[in-house]
Amino acid sequence: MGALRITKKSNKYIAQISVEKVSHIVKGDVVMGVDLGLKVPAVAVTDSGKTFFFGNGRQNKYVKRKYKAKRKKLGKAKKLKVIKKLDDKEQRWMTDQDHKVSREIINFAVNNNVSDIRLEKLTNIRNTARTSRKNEKNLHTWSFYRLAQFIEYKALLKGIKVEYVDPKYTSQICPECKKLNKARDRKYKCSCGFKTHRDRVGAINIINAPVVDGKSLLA
Ligand SMILES: [Zn+2]
(Lines give C-alpha, C1' and ligand atoms only; values in the text may rest on other atoms or scores of the structure.)
Protein backbone atom coordinates (compact mmCIF):
# COMPACT_ATOMS: atom_id res chain seq x y z
CA MET A 1 0.00 0.00 0.00
CA GLY A 2 1.16 3.47 -0.87
CA ALA A 3 0.36 7.00 0.30
CA LEU A 4 -2.91 8.09 1.84
CA ARG A 5 -4.28 11.43 0.72
CA ILE A 6 -7.21 13.19 2.31
CA THR A 7 -8.86 16.06 0.50
CA LYS A 8 -11.88 18.18 1.29
CA LYS A 9 -14.49 18.88 -1.36
CA SER A 10 -17.28 21.24 -0.30
CA ASN A 11 -18.56 19.43 2.82
CA LYS A 12 -17.07 16.03 2.18
CA TYR A 13 -13.73 14.50 2.99
CA ILE A 14 -12.30 12.17 0.41
CA ALA A 15 -9.64 9.62 1.27
CA GLN A 16 -7.51 8.24 -1.54
CA ILE A 17 -5.19 5.30 -1.06
CA SER A 18 -2.89 4.08 -3.77
CA VAL A 19 -2.35 0.33 -3.89
CA GLU A 20 0.08 -1.74 -5.87
CA LYS A 21 -1.61 -4.73 -7.40
CA VAL A 22 0.21 -8.01 -7.74
CA SER A 23 0.06 -9.14 -11.31
CA HIS A 24 0.39 -12.87 -11.73
CA ILE A 25 0.87 -12.69 -15.44
CA VAL A 26 4.46 -13.55 -16.23
CA LYS A 27 5.16 -13.88 -19.88
CA GLY A 28 8.55 -15.56 -19.85
CA ASP A 29 9.95 -18.83 -18.64
CA VAL A 30 13.53 -17.76 -18.02
CA VAL A 31 15.26 -18.79 -14.79
CA MET A 32 17.76 -16.36 -13.29
CA GLY A 33 20.35 -16.98 -10.57
CA VAL A 34 21.36 -14.09 -8.33
CA ASP A 35 24.54 -14.29 -6.29
CA LEU A 36 24.95 -11.77 -3.46
CA GLY A 37 28.41 -10.67 -2.43
CA LEU A 38 30.63 -7.94 -1.06
CA LYS A 39 32.89 -6.96 -3.95
CA VAL A 40 29.92 -7.07 -6.28
CA PRO A 41 26.67 -6.66 -4.29
CA ALA A 42 24.70 -8.78 -6.79
CA VAL A 43 25.45 -10.74 -9.94
CA ALA A 44 22.57 -12.01 -12.06
CA VAL A 45 22.86 -14.61 -14.79
CA THR A 46 19.91 -15.91 -16.81
CA ASP A 47 19.73 -19.52 -18.00
CA SER A 48 20.59 -18.25 -21.48
CA GLY A 49 23.79 -16.76 -20.10
CA LYS A 50 22.88 -13.08 -20.00
CA THR A 51 24.78 -11.44 -17.17
CA PHE A 52 24.54 -8.24 -15.20
CA PHE A 53 26.47 -6.81 -12.25
CA PHE A 54 24.55 -4.67 -9.74
CA GLY A 55 25.64 -2.17 -7.12
CA ASN A 56 29.00 -0.79 -6.13
CA GLY A 57 30.85 -2.87 -3.54
CA ARG A 58 33.81 -0.54 -3.43
CA GLN A 59 31.63 2.46 -2.64
CA ASN A 60 29.76 0.52 0.06
CA LYS A 61 33.06 -0.40 1.67
CA TYR A 62 34.25 3.20 1.53
CA VAL A 63 31.07 4.54 3.15
CA LYS A 64 31.18 1.88 5.89
CA ARG A 65 34.78 2.73 6.66
CA LYS A 66 33.98 6.44 6.80
CA TYR A 67 31.21 5.90 9.37
CA LYS A 68 33.42 3.58 11.41
CA ALA A 69 36.16 6.21 11.64
CA LYS A 70 33.65 8.88 12.68
CA ARG A 71 32.21 6.61 15.37
CA LYS A 72 35.62 5.79 16.75
CA LYS A 73 36.42 9.47 17.15
CA LEU A 74 33.08 10.15 18.85
CA GLY A 75 33.38 7.06 21.02
CA LYS A 76 36.42 8.47 22.71
CA ALA A 77 34.53 11.66 23.49
CA LYS A 78 31.56 9.60 24.75
CA LYS A 79 29.08 11.30 22.48
CA LEU A 80 26.68 8.40 22.47
CA LYS A 81 23.67 10.24 21.13
CA VAL A 82 25.61 11.45 18.13
CA ILE A 83 26.92 7.94 17.57
CA LYS A 84 23.39 6.58 17.55
CA LYS A 85 22.41 9.19 14.99
CA LEU A 86 25.35 8.25 12.80
CA ASP A 87 24.41 4.56 13.06
CA ASP A 88 20.90 5.35 11.87
CA LYS A 89 22.24 7.43 9.02
CA GLU A 90 24.54 4.63 7.90
CA GLN A 91 21.71 2.10 8.08
CA ARG A 92 19.50 4.36 6.00
CA TRP A 93 22.21 4.71 3.39
CA MET A 94 22.75 0.95 3.19
CA THR A 95 19.01 0.29 3.04
CA ASP A 96 18.70 2.79 0.19
CA GLN A 97 21.45 0.98 -1.69
CA ASP A 98 19.63 -2.33 -1.24
CA HIS A 99 16.40 -0.79 -2.52
CA LYS A 100 18.25 0.54 -5.54
CA VAL A 101 20.01 -2.75 -6.30
CA SER A 102 16.85 -4.84 -5.84
CA ARG A 103 14.86 -2.48 -8.06
CA GLU A 104 17.49 -2.77 -10.80
CA ILE A 105 17.54 -6.57 -10.48
CA ILE A 106 13.77 -6.77 -10.90
CA ASN A 107 13.85 -4.40 -13.89
CA PHE A 108 16.52 -6.59 -15.47
CA ALA A 109 14.42 -9.68 -14.73
CA VAL A 110 11.28 -8.17 -16.28
CA ASN A 111 13.19 -7.02 -19.37
CA ASN A 112 14.58 -10.52 -19.85
CA ASN A 113 11.28 -12.39 -19.36
CA VAL A 114 12.40 -13.99 -16.12
CA SER A 115 9.70 -16.02 -14.39
CA ASP A 116 11.82 -17.49 -11.63
CA ILE A 117 14.59 -15.94 -9.55
CA ARG A 118 16.86 -18.19 -7.51
CA LEU A 119 18.84 -17.02 -4.51
CA GLU A 120 21.06 -18.81 -2.05
CA LYS A 121 19.45 -19.78 1.20
CA LEU A 122 21.25 -18.04 4.04
CA THR A 123 22.06 -20.21 7.00
CA ASN A 124 22.30 -19.68 10.74
CA ILE A 125 20.47 -16.37 10.68
CA ARG A 126 19.27 -16.88 14.24
CA ASN A 127 22.71 -17.66 15.63
CA THR A 128 24.01 -14.70 13.74
CA ALA A 129 21.74 -12.30 15.59
CA ARG A 130 23.49 -13.00 18.86
CA THR A 131 27.05 -12.76 17.64
CA SER A 132 26.75 -10.12 14.96
CA ARG A 133 28.57 -7.45 16.89
CA LYS A 134 31.65 -9.59 17.22
CA ASN A 135 31.66 -11.23 13.86
CA GLU A 136 32.15 -9.24 10.67
CA LYS A 137 31.13 -12.09 8.42
CA ASN A 138 27.85 -12.55 10.27
CA LEU A 139 27.12 -8.87 9.92
CA HIS A 140 27.36 -9.33 6.19
CA THR A 141 24.88 -12.19 6.38
CA TRP A 142 22.40 -9.72 7.80
CA SER A 143 22.89 -7.30 4.95
CA PHE A 144 22.49 -10.15 2.42
CA TYR A 145 19.31 -11.10 4.20
CA ARG A 146 17.88 -7.61 3.83
CA LEU A 147 18.76 -7.40 0.15
CA ALA A 148 17.28 -10.85 -0.48
CA GLN A 149 14.04 -9.78 1.20
CA PHE A 150 13.82 -6.66 -0.95
CA ILE A 151 14.37 -8.75 -4.08
CA GLU A 152 11.70 -11.21 -2.95
CA TYR A 153 8.94 -8.71 -2.30
CA LYS A 154 9.65 -6.65 -5.42
CA ALA A 155 9.66 -9.87 -7.47
CA LEU A 156 6.31 -10.93 -6.04
CA LEU A 157 4.80 -7.60 -7.08
CA LYS A 158 5.74 -8.47 -10.66
CA GLY A 159 4.49 -12.03 -10.37
CA ILE A 160 8.01 -13.46 -10.45
CA LYS A 161 8.61 -16.54 -8.33
CA VAL A 162 11.55 -16.55 -5.89
CA GLU A 163 13.17 -19.80 -4.82
CA TYR A 164 16.03 -20.51 -2.45
CA VAL A 165 18.74 -23.03 -3.19
CA ASP A 166 21.36 -24.92 -1.25
CA PRO A 167 24.45 -22.68 -1.23
CA LYS A 168 26.91 -25.58 -0.93
CA TYR A 169 29.86 -25.25 -3.36
CA THR A 170 28.05 -22.77 -5.61
CA SER A 171 31.25 -20.72 -5.93
CA GLN A 172 33.44 -23.76 -6.67
CA ILE A 173 31.50 -26.26 -8.78
CA CYS A 174 32.21 -26.25 -12.52
CA PRO A 175 28.90 -25.59 -14.29
CA GLU A 176 30.01 -27.90 -17.12
CA CYS A 177 31.57 -30.98 -15.49
CA LYS A 178 30.78 -30.52 -11.75
CA LYS A 179 34.43 -30.67 -10.71
CA LEU A 180 35.37 -28.45 -7.75
CA ASN A 181 37.80 -25.62 -8.50
CA LYS A 182 38.85 -22.46 -6.76
CA ALA A 183 38.90 -19.23 -8.69
CA ARG A 184 42.22 -17.44 -9.02
CA ASP A 185 42.29 -13.67 -9.22
CA ARG A 186 39.29 -12.75 -11.30
CA LYS A 187 39.17 -15.94 -13.32
CA TYR A 188 37.46 -19.26 -12.86
CA LYS A 189 39.04 -22.03 -14.90
CA CYS A 190 38.32 -25.75 -15.05
CA SER A 191 40.42 -28.57 -16.54
CA CYS A 192 37.43 -29.47 -18.76
CA GLY A 193 37.95 -26.22 -20.64
CA PHE A 194 35.23 -24.16 -19.00
CA LYS A 195 36.30 -20.67 -18.01
CA THR A 196 34.56 -17.46 -17.02
CA HIS A 197 34.75 -14.40 -14.77
CA ARG A 198 34.81 -15.70 -11.19
CA ASP A 199 31.81 -13.63 -10.13
CA ARG A 200 29.55 -15.32 -12.69
CA VAL A 201 30.15 -18.87 -11.46
CA GLY A 202 28.06 -18.52 -8.30
CA ALA A 203 25.03 -17.16 -10.16
CA ILE A 204 25.27 -19.84 -12.89
CA ASN A 205 25.41 -22.60 -10.27
CA ILE A 206 22.54 -21.07 -8.31
CA ILE A 207 20.31 -21.60 -11.37
CA ASN A 208 20.98 -25.35 -11.23
CA ALA A 209 21.43 -25.90 -7.49
CA PRO A 210 18.82 -27.94 -5.62
CA VAL A 211 15.90 -25.84 -4.39
CA VAL A 212 15.59 -25.99 -0.63
CA ASP A 213 12.22 -26.93 0.85
CA GLY A 214 10.05 -24.13 2.12
CA LYS A 215 9.88 -20.63 0.77
CA SER A 216 11.37 -18.99 3.82
CA LEU A 217 14.77 -17.40 3.68
CA LEU A 218 15.42 -18.42 7.27
CA ALA A 219 17.32 -21.61 7.91
ZN1 LIG B 1 34.69 -28.39 -15.70
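**Figure 1. The largest nonpolar core of this predicted model has 25 residues.** Among its members, Met32, Val34, Leu36, Ile105, Ile117, Leu119 and Ile151 touch the most other members of the core. Several elements give two or more residues to this core: the strands β3 (30-36), β4 (42-46), β6 (114-120) and β7 (161-165), together with the helices α2 (80-111) and α4 (136-157). Of these, α4 gives the most, with six residues. Apart from this core lies another one, made of ten residues, including Val40, Val43, Tyr188 and Ile204.

**Figure 2. A closer look at Met32 shows its partners from other parts of the chain.**

Figure 3. The chain has five helices and nine strands. Of the 219 residues, 37% count as buried. Among contacts with a separation of 6 or more, 60% join residues 24 or more positions apart. The accessible surface of the chain comes to about 14,800 Å², and carbon and sulfur atoms account for 52% of that surface.

**Figure 4. Helix α1 covers residues 57-76 and has a buried side and an exposed face.** At 1.5 Å a residue, its 20 residues should span 28 Å, and the end C-alpha atoms are 29 Å apart, which agrees. Which residues of α1 are buried? They are Gly57, Asn60, Val63, Tyr67 and Leu74. These residues lie on the same side of α1, because they cover an arc of only 125° around the axis. An α-helix has 3.6 residues a turn, so residues three or four places apart point the same way. What covers the buried residues of α1 includes α2. On the face turned away from the buried side, look for the exposed residues Arg58, Lys61, Tyr62, Arg65, Lys68, Lys72, Lys73 and Lys76.

**Figure 5. The two ends of α1 have details of their own to find.** At the start of the helix, a side-chain oxygen of Asn56 comes to within 3.2 Å of the backbone nitrogen of Arg58. After the helix comes Lys78, whose phi is positive, near 60°.

**Figure 6. Asn60 is a buried residue of helix α1.** Its relative accessible area is 17%, so Asn60 falls under the 20% limit for a buried residue. What does Asn60 contact, leaving aside its neighbours within four places in sequence? Its partners are Pro41, Trp93, Met94 and Gln97. Met94 and Gln97 are among the buried residues of α2.

**Figure 7. Helix α2 has 32 residues.** At 1.5 Å a residue it should span 46 Å, and its end C-alpha atoms are 47 Å apart, which agrees. The buried residues of α2 are Ile83, Leu86, Glu90, Met94, Gln97, Asp98, Val101, Ser102, Ile105, Ile106, Phe108 and Ala109. Just after α2, you can find Asn113, which takes a positive phi of about 55°.

**Figure 8. Asp199 lies in helix α5, which runs over residues 198-208.** Is Asp199 buried or exposed? Asp199 is buried, with a relative accessible area of 16%. Its side chain is joined to that of Arg186 by a polar contact of 2.9 Å. Not counting residues up to four places away in sequence, Asp199 touches Asp35, Val40, Val43 and Phe53, as well as Arg186.

**Figure 9. Ile207 is another residue of helix α5.** With 9% relative accessibility, Ile207 counts as buried. Its contacts, not counting residues up to four places away in sequence, are Val31, Met32, Gly33, Val45, Thr46, Asp47 and Arg118. Ile207 and Pro175 are 32 residues apart in sequence, and their C-alpha atoms are 9.9 Å apart in space.

**Figure 10. Ala209 lies in the segment after α5.** Ala209 counts as buried, at 11% relative accessibility. Where does the chain come back to Ala209? The C-alpha atoms of Ala209 and Val165 are separated by 5.8 Å, although these residues are 44 residues apart along the chain. Not counting residues up to four places away in sequence, Ala209 touches Val165, Asp166 and Thr170.

Key:
Residues numbered from 1 in each chain as written. Predicted model: local features only at pLDDT ≥ 70, side-chain atom pairs only at ≥ 80, totals over all residues. Heavy atoms only, no water. Core = buried A, V, L, I, M, F, W, Y, C linked by side-chain atoms within 4.5 Å. Buried < 20%, exposed > 50% of the residue type's maximum accessible area, 1.4 Å probe, protein only. Helix = DSSP H or I, 4+ residues; strand = E, 2+ residues; numbered from the N terminus. Contact = heavy atoms within 4.5 Å. Areas by Shrake-Rupley, 256 points an atom, 1.4 Å probe, with all protein chains shown as cover. Expected span 1.5 Å × (residues − 1). Arc of directions from axis to C-beta. Polar contact = N/O pair within 3.5 Å; in protein donor to acceptor, adjacent residues only side chain to side chain.
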